[in-house]
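Take a walk through this model, one site after another. Keep the sequence and the 3D view side by side as you read.

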Amino acid sequence: DAKERGRNSVRFFNQQMQADVSARSDIATGLRQALLQDEFVLYFQPQLERNLGVVGAEVLLRWQHPQHGMIVPASFIPVAESSGQILQIGRWVLEKSCLQLAEWARHTDTAHWYLAVNISARQLHSSAFVQEVVSALEQSGAAPEKLVLELTESQLLQDIDTIIDKMQQLNTLGVRFSLDDFGTGYSSLSYLKLLPLKQLKIDRSFVRDLLTDPNDKAIIKTILALGQSLELAVIAEGVETEAQYSKLLHLGCQQFQGYFFGEPMPQTSFVTRYRQRHEMQN
Ligand code: C2E
Ligand code: MG
Ligand code: MG
Ligand code: MG
C-alpha cells in the first residue's frame with residue numbers, strides 16, 4: 001500500500017544518499033592517490049583568432065584513473081572543492097602549465113602560444129594564491145605574459161577588495177585574467193570596470209542556440225558591445241558548428257574555442273596538429 005511504498009522510498013532515498021557519501025569519500029581517497037601517483041593529465045583545447053590562427057589553449061584537467069579510465073572534471077572537481085584537495089590539485093595544474101609554457105617558449109613554432117588556466121574559488125581566496133602563481137612562473141621560467149587565469153563571476157562575489165588586490169599584483173607582473181562562463185552569474189557591471197580583466201568568455205549555453213533563439217543572440221550582442229566599451233577582448237566558447245562560427249564572426253566576436261576547431265587533447269597531439277597548421281599558413 002501507499003504507506004509501504006512510502007517507507008520503501010524513504011529507505012531507497014537513504015541508501016542512495018549512503019551510496020553518494022561513500023562515492024564521494026572514494027573519490028577523495030582516490031584524489032590523494034592521484035596526486036602521489038601522478039595520475040592527473042593536462043589536456044589542451046585551441047583558442048583561435050578571426051583568421052583561424054591558434055593563439056593559445058585552455059588547459060583542461062583530466063584524471064587518468066588506473067581502473068576507471070579517463071575522468072572529466074565534473075566527476076571530481078566538486079569533491080576536490082569540498083574536501084579542500086583542489087588547493088593542491090590547482091597548484092599542480094599551475095606548475096605544470098607554467099612548465100609547458102617554458103617548454104613551448106624554446107621552440108619557434110610554439111613560442112607564441114599562451115595558456116589559459118582555470119582557477120577555483122578556493123585557490124583564489126587562499127592567502128597563498130599570489131605567491132603560488134609567482135613561484136610557478138619563477139621556477140619554470142615561463143613568461144607571465146603567456147599566462148591567462150580564468151575566473152568565474154561567482155568567485156568575485158566575496159572579498160572583492162582582496163581579490164582586486166591579488167589580481168592587480170599579478171597583473172603588474174604581466175599575468176592576464178579572463179572571466180569564464182560570462183553571462184551565467186551575477187556580475188555587477190560596476191565592478192567589471194574595477195577588475196583588471198583582459199577578456200570576457202561568452203558561456204557556451206548562449207552559443208548553443210545562437211542561430212535559433214533570438215534571446216541568446218541578443219545576449220551575445222550585448223556581451224560583445226560590453227567588451228567593446230570596456231575594452232575587453234571577447235572569446236566565445238562551445239563553438240560546435242561552422243554556422244555558429246560564421247554568425248559569431250559576423251557579430252564581431254574576436255576569438256573562438258570549441259569542438260568545431262578542436263577538442264581538448266594531449267599536449268603532443270596539440271603541438272602536432274596546430275604547429276603544422278601554423279607552418280602551412282606561412
Ligand atoms: P570551463 O572552464 O568552462 O571549460 C570548458 C568546458 O567545455 C570543458 O569541459 C571543455 O571540454 C568543454 N567544451 C569545449 N568545447 C566544447 C564544445 O564545443 N561543446 C561542448 N558542449 N563543450 C565544450 P571539461 O574539460 O569537462 O571541464 C569542465 C569544467 O571543469 C571547466 O569548465 C572548468 O570549470 C573545470 N575545470 C577544468 N579543468 C580545471 C582545472 O584545472 N582547475 C579547475 N579549478 N577547474 C577546472
Ligand atoms: Mg575555463
Ligand atoms: Mg567556460
Ligand atoms: Mg564551466
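The second largest pocket has a volume of about 150 Å³. A pocket here is an open set of points on a 1 Å grid over the protein atoms alone, where a 1.4 Å probe fits, with protein on both sides within 12 Å along at least five of seven lines. Lining residues have an atom within 4 Å of a point. Grid points are joined across faces, edges and corners, and the volume is the space filled by probe spheres set on the points. D38, F40, V41, L42, F44, W92, K96, L99, Q100 and Q267 line the second largest pocket. Strand β1 (40-49) and helix α3 each give two or more residues to this lining. Helices (H or I, at least four residues) and strands (E, at least two) are DSSP runs, numbered from the N terminus. By class, six lining residues are nonpolar, two polar and two charged. Ala, Val, Leu, Ile, Met, Phe, Trp, Tyr, Cys and Pro count as nonpolar; Asp, Glu, Lys and Arg count as charged; the others, Gly among them, count as polar.

A word on the ground rules. This is a predicted model, in which local features need pLDDT of at least 70, side-chain atom pairs count only at pLDDT 80 or more, and totals for chains, interfaces and linings use all residues. Residues are numbered from 1 along each chain as its sequence is written, chains are lettered from A and ligands numbered from 1 in the order in which they are written, and side-chain values use heavy atoms, with hydrogens and water left out.

Now turn to the largest pocket. About 920 Å³ of space lies in it. Its lining has 36 residues, and the closest to its centre are E58, L60, P73, N118 and D180. Two or more residues come from each of β2, α2 (77-83), α3 (86-105), β4 (114-118), α4 (121-125), β5 (147-152) and β6. Strand β2 gives the largest share, five residues. The lining divides into 17 nonpolar, 10 polar and nine charged residues.

Distant parts of the chain are linked here: E58 sits in strand β2 (residues 54-65) and D180 in strand β6 (residues 176-182), 122 residues apart.

Buried means under 20% relative accessible area, exposed over 50%, and partly exposed in between (1.4 Å probe, protein chains only). D180 counts as buried because its relative accessibility is 6%. D181 is at 25%, so it counts as partly exposed. D181 lies in strand β6 and has a positive phi of about 50 degrees, although it is not a glycine. D159 also has a positive phi of about 50 degrees and is not a glycine. D159 is placed in the loop between β5 and α6 (160-173).

E237 is found in the loop between β8 (233-236) and α10 (242-251). E237 counts as buried because its relative accessibility is 8%. Leaving out residues up to four places away in sequence, E237 touches D180, D181, K201, I202, D203, R204, V207 and Q257. Contact means heavy atoms within 4.5 Å.

Finally, step back to the whole protein. Its secondary structure comes to 11 helices and nine strands. Buried residues make up 46% of the 282 residues. Among contacts between residues at least 6 apart in sequence, 66% join residues at least 24 apart.
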